[in-house]
Amino acid sequence: MKSFSKFISFMIILVLLLGLAAGCSSEKTAEGEDGEITLRVAWWGSQDRHDKTKKVIKLFEEKNPNIKITPEFTGWDGYWEKLATAAAGKNLADVIQMDYRYLMEYVDRGLIEDLNSFVDSGALNLDDVGEAYIEGGYVDDKLYAVNLGTNALAMAYDPAMFKKAGVEPFKPGYTWEEYAEAAKKLKDQFGDGVYGVEGAKNSLGNFQYYLRQHDIELYNEEGTALGYEDDKLLVEFLNYWDELLKDGVAAPPDVTAAVQGRLEEELIVHEKAPTLWFNSNQIVALQGAAGRELKLALLPSLPEGKEGLYLKPSQFFSVSKESKHKEAAAKFIDFITNDLEANEILAAERGVPIAAKVRDNLKPQVDDAAREMFDYVELAEQHSSPIYPPEPSGAGELDALFTRLAEQLNFGEFTTEEMAKTFRSEANKILAKNK
Amino acid sequence: MQSETSVLTDKKVTKRSKALHKGWKKELIAYAFISPWLLGFLGFIIGPMIASLYLSFTDYDMLSSPSWVGLQNYITMFTDDSRFWTSLKVTFTFVFISVPFKLAFALFVAMLFVKARRGVGLYRSVYYIPSIVGGSVAVAVMWKQLFGREGAINGILSYFGIEGQNWIASPDYALSTLIILVVWQFGSPMLIFLAGLKQIPTELYEAAAVDGASKFSQFFKITIPMLTPVIFFNLVMQMISGFMTFTQSFLITAGGPLDRTLFYAVYLYEKGFTHFQMGYASAMAWILLIIVAVFTALIFKSSSAWVYYESEGGK
């Protein structure tokens, strides 16, 4: 009993000390002396991005000695939760990294600032930026978000594995059938433990691509319901992947579940699959993780169909409405957009830079993976149709719903028809809230 | 400061009210001493609870101000949300399996450590460590490694010629791996059992041994009955924390695969923070509070039938 009570008092002291330490370490965020401004900048990303961005922040501080920047960074997981909590507490960072999917949620609620006045005043210089690169950030002619890099849906492939299996790299215009045939051939070549497809890629983004090939958008114009009337297309799309899964060409769900969205764990990194569907800017990080040459190809096309691809702002910087230093925030965004040295450090990790001079300066000096991305975005531009309007509120929930239902399908708890029906009713329930 | 001025005014008041005043002052001093806790309790527990009760009747997305919807959240939950029922099923399964296992295991280990042997203090500390690091990210990562496709567990199994699988990504086994993790964190009930075991008078065992009682019947006729107050305490505490389990599922399986580890608290978090439905999440929190309250009350009610208090003459 004695040792027990001793132990308890020891624990209490420990807890109190820890509490004390936590209390002391809170940082000072208020304005410093002699007019020094403190700017908070928040972003999500990989370790690679954190390192590069922090270096650029240092460079910015050197060139602007009266501005101090406090970085706030996390991975994609948890970023939006953190941001929403900060918004509820009226404590958003001055500059926040924004995603196309969440843009409308923040615009609708008046949480981010229209930057047009800073463009007019010259604090934010967009003279060198082409229309196609910046248009995604406008809502009703107001500039709410500045694109940090352009990317597009893409397929990474391993040229060595293709060569070994005697499969030609995909040429623009190849069809869904040709893709499936190639996948089967690759699977036959490598046998057990290696797959022709890294998993049944029935994610909402890929289905959206398929819909666009049929000239249909995922949402209706008001964002209050799905944009397609007939479940036939979704059933077709799901059947395509379901067959590959049942034939053992696509990796089974318990294998793909272990990846959990971490690029380093993707099957292609470990030579267990020859392809990966993702966003083109991720090639830089993917090649780094794999440590060997990977290339980019277009996604399969639909004969007689429309171009489903689109150039997408990979991410934006926005300025929060309650920021006290909007001018400085605009200046920081201008720096990221136009400064040559800063972009040499960033090395197009967020996607192809939007300013023409920056692109021209960067292209000859980037590494192979980034050059592959530059070339791919140029290729994708020729095979693109204009991007869909910013997604309505609830798009994130819809995405999670689709992923969850697809998982049930892949584990065999659903037929494709059942999944299409369930998705429609649940999705419309979520979107109906926007009425 | 306050006491000085009150001493000055004290002189004028009558004896009777002086006594009253003194009592009141005493209370005030007591409250002053617990004020750090009191402030925390009001500010961080009662305040948020009232706020969440209000929010549970609203539609609140955290970004814009809440709008009153009456009982809508509660109605949706019970009539139109199958995942709510899934999460309840998962949580109940988890609590009803993990708590008895954990208590049995904790008691077993406590029995091993109750006798003074060499180095027993060290063992006690070592076995307590899992409970300290329990909710941490490091343990979650380790668990993923252990139970993954190429993890240590499968390594051991393959030694016996059994082909393993990715236990954490398997709909059939994911919940079990989390139960094992929680049972492994038996440290705090173990310590409490240990304290309880040491309170049992050794004369009882000596007398029983003289009468020829076996170790087995000693355990069931002496140890267990004498330990029932401690078992009762541990049962209540572990059940409550079982219902609130969050970290293990959130970090290791993220509720998946196929919602098989979708604990109530994980679903609540998903609704509130991932999909910005804070009103709905608040309503869920109140339902959980009611569930826990009901189960705690049931255990308390049943305690008179099985908990033995020596001080009450065996009542």
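**Entry 1: a strand pair in chain A**

I began with A156(A), which stands opposite L276(A) in β8(A). This is a predicted model, in which local features need pLDDT of at least 70, side-chain atom pairs count only at pLDDT 80 or more, and totals for chains, interfaces and linings use all residues. Residues are numbered from 1 along each chain as its sequence is written, chains are lettered from A and ligands numbered from 1 in the order in which they are written, and side-chain values use heavy atoms, with hydrogens and water left out.

I then looked up the strands themselves: β7 (residues 153-157) and β8(A) of chain A pair in the antiparallel sense over five bridges. Two strands pair if DSSP finds at least two bridges between them. Helices (H or I, at least four residues) and strands (E, at least two) are DSSP runs, numbered from the N terminus.

How many residues of β8 (residues 275-279) of chain A are buried? I found four of the five, so the strand is largely enclosed by the rest of the structure. My note on the word: buried means under 20% relative accessible area, exposed over 50%, and partly exposed in between (1.4 Å probe, protein chains only).

**Entry 2: β1 of chain A**

Next I checked strand β1 (residues 37-44) of chain A, where eight of the eight residues are buried, so the rest of the structure largely encloses it. I saw both faces covered: I37(A), L39(A), V41(A) and W43(A) lie on one side, and T38(A), R40(A), A42(A) and W44(A) on the other. β1(A) pairs with strand β2 (residues 67-74) of chain A in the parallel sense, over eight bridges. For I37(A), the bridge partner in β2(A) is I67(A).

**Entry 3: two residues in helices**

I found Q208(A) in helix α9 (residues 204-213) of chain A. Is Q208(A) buried or exposed? Its relative accessibility is 5%, so Q208(A) counts as buried. Not counting residues up to four places away in sequence, Q208(A) touches L218(A), Y310(A) and Y388(A); contact means heavy atoms within 4.5 Å.

In chain B I picked F78(B), which lies in helix α3. F78(B) is partly exposed, with a relative accessible area of 38%. Leaving aside neighbours within four places in sequence, I saw F78(B) in contact with F84(B), W85(B) and I287(B).

**Entry 4: where the chains meet**

I turned to the contact, which takes 32 residues from chain B and 31 residues from chain A. The two chains bury about 2500 Å² between them, 57% of it on carbon and sulfur atoms. Buried area is the accessible area (1.4 Å probe) that two parts lose on being put together, summed over both. Which three residues supply more of chain B's share than any other three? They are L63(B), L258(B) and F276(B), with 25% of the area that chain B buries against chain A.

I also counted five salt bridges across this interface. A salt bridge is a side-chain nitrogen of Lys or Arg within 4 Å of a carboxyl oxygen of Asp or Glu. One of them joins the side chains of D80(B) and K429(A) (3.3 Å, N to O).

**Entry 5: α13 of chain B**

My last stop was α13(B), which is mostly covered, with eight of its 11 residues buried. Among the buried ones are Y264(B), L268(B) and K271(B). The buried residues of α13(B) pack against α17 (395-410) of chain A, together with α3 (72-79), α4 (82-114), α12 and α14 (278-306) of chain B. Just after α13(B), I noted that F276(B) takes a positive phi of about 55°.
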